[in-house]
Amino acid sequence: MNAITQNQHVVRQLLNNDEAADELGISRRTLPVWRVQGKGPQFVKIGKLVRYERSALEAWKQANTHSNTSRNGAQSY
């Protein structure tokens with residue numbers, strides 16, 4: 001293992017509620033409601049702060065991408 005590999009750090013992009021909502025194209029009031037309901041993308045708690053990893057938003061969007069609106073093919077909220 002070389003020095004570059006040993007010292008390489010993964011940079012996690014953490015977004016606040018408003019930035020995450022903007023990224024998803026939803027109201028800034030939706031994410032707090034979803035957190036209480038146990039819905040929506042995974043989030044990180046740092047003390048009282050809530051942050052969203054960009055990768056978690058992308059994974060959530062991918063998991064909620066559908067090709068039709070039938071009950072069998074789509075999740076309802």
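Is W34 buried or exposed? Select W34 to begin: W34 is buried, with a relative accessible area of 13% (buried means under 20%, exposed over 50% and partly exposed in between, with a 1.4 Å probe and protein chains only).

Before going on, a word on the model. It is a predicted one, where local features need pLDDT of at least 70 and side-chain atom pairs count only at pLDDT 80 or more, while totals for chains, interfaces and linings use all residues. Numbering runs from 1 along each chain as its sequence is written, and side-chain values use heavy atoms, with hydrogens and water left out.

The structure holds two aromatic pairs, and W34 with W60 makes a tilted one, 5.3 Å centre to centre with 45 degrees between the planes. Rings of Phe, Tyr and Trp (its six-membered ring) pair if their centres lie within 6.5 Å; under 30 degrees between planes is stacked, over 60 edge-to-face, and the rest tilted. W34 belongs to helix α3 (residues 30-37) and W60 to helix α4 (residues 54-63), so this pair ties together parts 26 residues apart in sequence. Helices (H or I, at least four residues) and strands (E, at least two) are DSSP runs, numbered from the N terminus.

Next, show R35 and F43. The charged end of R35 sits over the ring of F43, 5.8 Å from its centre (NZ of Lys or CZ of Arg within 6 Å of the ring centre and within 35 degrees of the ring normal).

Finally, turn to the open sheet: three strands in the order β1-β3-β2, with antiparallel pairing. Its edge strands, β1 (14-15) and β2 (44-46), each pair on one side only; strands pair if DSSP finds at least two bridges between them. Last stop: L15, which stands opposite Y52 in β3.
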